[in-house]
Amino acid sequence: MQRAKYVLSEVMVGLWRNVTMTIAMIITMAVSLAMLGASGLMYLQVNSMKDFYYDQIEVAIFLNNDVTDQQRSDLNSALKSDPDVAEVIYESKEQAHEKFKTMYADAPDLVNAVKPGQLPESFRVRLKNPEEFQKINDKYKNNEGVETIVDQQRLLDKIFNILGSVQNMALLAASVMAIAALLLVGNTIQVAAYSKRREVAVMKLVGASNWFIQAPFVLEAVVAGVIGSIIAFIGLVLGKWFLLDGSLRDLTELLTPLSWSDVLLMFPVMAGAGALVSAVTAWVTLRFYLRV
């Protein structure tokens, strides 16, 4: 019990003794952990979007203007009996024009420029496996009455590739900040240990174990890492509250909403990463630089 009290008191004294470096360490750790949490949320969000949008993917088979009733009927029958097709919806020229007017209601000049009958009729096909587009394309592209076949997955893949690149950039930035945090943690522990070098020497002379000598320094780093993770988590909560649920609400609804459960999941991840990395860095610093 007395040892525990001693270790805890030394932790508090150590943090306060080098308060400016402690604050710098906490801030750097908070920034790197916040970026780690943000990249983690983006990873979860991209996966959620893929699950949602890939389930809604349709293949659009556009028909020629001179398609006959027989060609249209034969194609409809072939699609509905195809084992790779989950659902088939026919869209006439009139329906296509009404959908166009709804989609671009905010651009009346564009709507007025497109007359009824100018948009082609089509079949909207949802596949059992969205990855089987090429198989469907090869099967129906040469059918009579078919003008072109468009797969929405190609567009979605481009969007997800962009989001993936942003995700990787955020993770790279978090890694750079993490390296800076590690160097700062190591430097802070070095300074703290140097300022107590005489006490450490005396403790070694009286037979104190390495663990007992190292514990206050390691716990200083752990406390700084945990505080940094709390600050980082508060930053994520404020970002979710004021940005994603505030000024960027329309964008997040388009990209599928980010749930609070995902945000809460990041706290143990950030706290664990901050505490573990800080502890390991402090221990390695003490082993290699102070030889305690």
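Which residues does S32 touch, not counting residues up to four places away in sequence?

View 1. S32 touches A174, M177, A178 and A181, with residues up to four places away in sequence left out; contact here means heavy atoms within 4.5 Å. S32 sits in helix α2, residues 19–55, where helices (H or I, at least four residues) and strands (E, at least two) are DSSP runs numbered from the N terminus. S32 counts as buried because its relative accessibility is 4%; the cut-offs are under 20% relative accessible area for buried, over 50% for exposed, and partly exposed in between, using a 1.4 Å probe and protein chains only. The side chain of S32 also reaches the backbone oxygen of M29, at 2.9 Å.

A word on the model before moving on. This is a predicted model, so to speak of local features takes pLDDT of at least 70 and side-chain atom pairs count only at pLDDT 80 or more, while totals for chains, interfaces and linings use all residues. Residues are numbered from 1 along each chain as its sequence is written, and side-chain values use heavy atoms, with hydrogens and water left out.

**View 2. Confidence along the chain.** The mean pLDDT (the predictor's confidence in each residue, from 0 to 100) is 77 for the chain, and 78% of its residues reach 70 or more. Where pLDDT is low, the predicted coordinates should not be read in detail.

**View 3. The largest nonpolar core.** This core has 23 residues, and L41, V185, I189, V263 and M270 have the most contacts inside it. A nonpolar core is a set of buried Ala, Val, Leu, Ile, Met, Phe, Trp, Tyr and Cys residues joined through side-chain atoms within 4.5 Å. Helices α2, α7 (152–195), α9 (210–247) and α11 (260–290) each give two or more residues to the core, and α9 gives the most, with 8. Apart from this core lies another, of 16 residues, including L63, V67, F123 and I149.

**View 4. V237 in helix α9.** V237 lies in helix α9 and is buried, with a relative accessible area of 19%. Not counting residues up to four places away in sequence, V237 touches W260 and V263. The C-alpha atoms of V237 and V263 are 7.1 Å apart, although the two residues are 26 apart along the chain.

**View 5. D84 and K139.** These two form a salt bridge, with the closest N and O atoms 3.8 Å apart; the term covers a side-chain nitrogen of Lys or Arg within 4 Å of a carboxyl oxygen of Asp or Glu. D84 is in the loop between α3 and β2 (85–91) and K139 is in helix α6 (residues 133–140), 55 residues apart. D84 is buried at 15% relative accessible area, whereas K139 is partly exposed at 36%. A network of salt bridges links D82, D84, K135 and K139.

View 6. K99 and E91 meet in a salt bridge at 2.6 Å, N to O. E91 counts as buried at 7% relative accessibility, while K99 is partly exposed at 38%. The K101 and E98 side chains form a salt bridge at 3.2 Å, and both residues lie in helix α4 (residues 93–103), 3 residues apart.

Terms used
A polar contact is a pair of N or O atoms within 3.5 Å; within protein, one must be able to donate a hydrogen and the other to accept it, and residues adjacent in sequence count only if both atoms are side-chain atoms.
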